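Please look over the chain shown here. A short report on its fold and on one of its residues comes after it.

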Amino acid sequence: MRVAFISTVHGHSWPGSEFVWGDTARCLLEQGHQVFARCSVDFKASPVLCKLIEKGLIYDPAGFVSSRMTRLKEKFFDPLARLRNWQADVIVVSAGSAFDISYSFALSQFLLKTDIPFIPVCHFNAETFWVDGRIRKIMRKIYSQAAAAVFVSQDNHRITERQLAMTIQNYHIIPPPLPVWLDKPLAWPDFDGDCWNLACVARLEPQWKGQDVLFELLSYPEWRARNWCLNLYGEGEDKEYLQDLVEYYNLTERVNFVGFVKDRTKIWLTNHIQVFPTRGEGGPMVLTEGMICGRPAVITNCGNVREYVEDGVDGFISQFATPDIFSVAMERAWGRRNDWQIMGIKAHEKIKKSVSQIEPSATLIELINKYKK
């Protein structure tokens, strides 16, 4: 079987959206199938991609230029020429959002004209994600012609249907994988009454991850009077802006930019709770990682959060990511800070029961086999 993967994501070395197709490609290669992947040149140094290439993956690096330059370039050069010539039996499009395919004229036109079965995989959507008529028209056609569609959460599927005003036939939910698995929660961090450690684990991309919301509410007088410190884990292009914002709110002595940490368990050896005012999600994987490590979260109701968190039992859910609304959930959490440890234990047990032991890649391979040409 010849399986082609196309990833629309760029600007990151190997983000969470790439885990599903990457692991699926590995399994297919180990089963003796031929695998092609067109994905960002940003992934070139990723150990995951390097190992896939060693196993036989055909890698077609995709550069990124502005949409205007892309349209101009595509008039004279077919960016999908290698894919066309390879003649796949099925194509899996790993899309950063429900509408990524429409951002590339070459990709959308190729999928609409090809007789090769294709399966789009949506990794993100949000209540505040607005699409115009042009995008809506293209994506209605894409989802109508797809052999099947995959979403990482029911919430993403629901929002997408409303944004497109259409029923997406033959859709499947494949939740993100859980990269960290522990049989028991990590030991509770030492606490001497001096400081409660709050962790925000996310790319430094406030447009969607909401760190700006967190900074503003933590600047409120009631929060200034409390004994906490905030540790940010992640990197991103908006780091300078967020550092400026911390200085603007006079929080420099209480907010730490730790950077990217490869071993996520190390984060939860020193932090008591996850605080994440995200504006939109697919999973999010950081939630389940924190829960399996035995830490509760204060998090916005989006993605599959409701599927994992029971408000007030093993975490705290905010209905939206604005400073005043998110602060309500933060206040409830702070008032029960002495319960965080037992809530973390419950979060760990919840994830062990909720997250399927079947790898997401196995489910995706079933779809590939079902709809291949």
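The report goes from the whole chain to a single side chain.

This is a predicted model, in which local features need pLDDT of at least 70, side-chain atom pairs count only at pLDDT 80 or more, and totals for chains, interfaces and linings use all residues. Residues are numbered from 1 along each chain as its sequence is written, and side-chain values use heavy atoms, without hydrogens and water.

The chain holds 17 helices and 13 strands (DSSP runs: H or I of at least four residues, E of at least two). Its radius of gyration is 21 Å, close to the 21 Å of the globule rule for 373 residues, so the chain is as compact as a globular protein of that length. The radius is taken over C-alpha atoms, and the rule is 2.2 Å times the number of residues to the power 0.38.

| Property of the chain | Value |
|---|---|
| Buried residues (under 20% relative accessible area, 1.4 Å probe, protein chains only) | 55% of 373 residues |
| Accessible surface (Shrake-Rupley, 1.4 Å probe) | about 17000 Å² |

Carbon and sulfur atoms account for 51% of that surface. Of the contacts (heavy atoms within 4.5 Å) between residues at least 6 apart in sequence, 73% join residues at least 24 apart.

Now the single residue. Thr160 sits in helix 7, residues 154-164. Is Thr160 buried or exposed? Thr160 is buried, at 0% relative accessible area. A polar atom of its side chain lies 2.7 Å from the backbone oxygen of Asn156. Beyond neighbours within four places in sequence, Thr160 contacts Ala98, Phe99, Asn125, Tyr143, Phe151 and Ile168.

Terms used:
Buried means under 20% relative accessible area, exposed over 50%, partly exposed in between (1.4 Å probe, protein chains only). A polar contact is a pair of N or O atoms within 3.5 Å; within protein, one must be able to donate a hydrogen and the other to accept it, and residues adjacent in sequence count only if both atoms are side-chain atoms.
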